[in-house]
Amino acid sequence: EVNSFSEASPQDSLSRTFLDWASENLAQKHLVFDTDTCSRVEIDAQLALCVFEALFLGGPDSPTTETYRGISMREVFEGAPSERADAAEAGQRLADGDGDAAPRPKVF
């Protein structure tokens, strides 16, 4: 369904919603497009699983050696806005003397 995105996709379609999410949450945004033309969304089950892990677990639960199109899967997500916010929150807790720098669980 996500790979069916086109210029005719309705604003509220799953494919359009995914593309908007990827734009806001992936550090390597271009990786959701096909490698030949960069004109259509093309992800595989491996990236889809990591997207679900990011949504439900706060980040991909993949080994550091796992790659997607030659890029570490963690780099695909690393530095995305949600991770920067988590790091900033952990730093603030340390500065406040909380002592627990572990990210707080996200409530959806």
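Which residues are linked in a network of salt bridges? Arg 40, Glu 42 and Arg 69 are. The close-up views below come from a predicted model, in which the count comes to 3 salt bridges and 2 aromatic pairs.

**View 1. Glu 42 and Arg 40 in a salt bridge.** The side chains of Glu 42 and Arg 40 meet at 3.2 Å, N to O. Glu 42 is partly exposed, its relative accessible area being 28%. Arg 40 also counts as partly exposed, at 40% relative accessibility.

**View 2. Glu 42 and Arg 69 in a salt bridge.** Between Glu 42 and Arg 69, the closest N and O atoms are 3.7 Å apart. Glu 42 lies in the loop between α1 and α2 (45-57), while Arg 69 lies in the loop between β1 (67-68) and β2 (71-72), so the pair ties together parts that are 27 residues apart in sequence. Arg 69 has a relative accessibility of 33% and counts as partly exposed.

View 3. Asp 20 has a relative accessible area of 29%, which makes Asp 20 partly exposed. Arg 16 is partly exposed as well, with a relative accessible area of 26%.

**View 4. The aromatic pairs of the structure.** A search of the whole structure finds 2 aromatic pairs. In the pair formed by Phe 18 and Trp 21, the ring centres are 6.3 Å apart and the planes are at 25 degrees, so the pair is stacked. Phe 18 and Trp 21 are 3 residues apart in helix α1, a separation of about one helical turn. Are these two residues buried or exposed? Phe 18 is buried, and Trp 21 is buried too. The rings of Phe 52 and Phe 56 likewise have their centres 6.3 Å apart, with planes at 15 degrees, so this pair is stacked.

**View 5. Phe 52 and Phe 56 in helix α2.** Phe 52 and Phe 56 both lie in helix α2 and are 4 residues apart, about one turn of the helix. Phe 56 has a relative accessible area of 60%; because exposed means over 50%, Phe 56 is exposed.

Key: Residues numbered from 1 in each chain as written. Predicted model: local features only at pLDDT ≥ 70, side-chain atom pairs only at ≥ 80, totals over all residues. Heavy atoms only, no water. Salt bridge = Lys/Arg side-chain N within 4 Å of Asp/Glu carboxyl O. Buried < 20%, exposed > 50% of the residue type's maximum accessible area, 1.4 Å probe, protein only. Helix = DSSP H or I, 4+ residues; strand = E, 2+ residues; numbered from the N terminus. Phe/Tyr/Trp six-rings, centres within 6.5 Å; stacked < 30°, edge-to-face > 60°.
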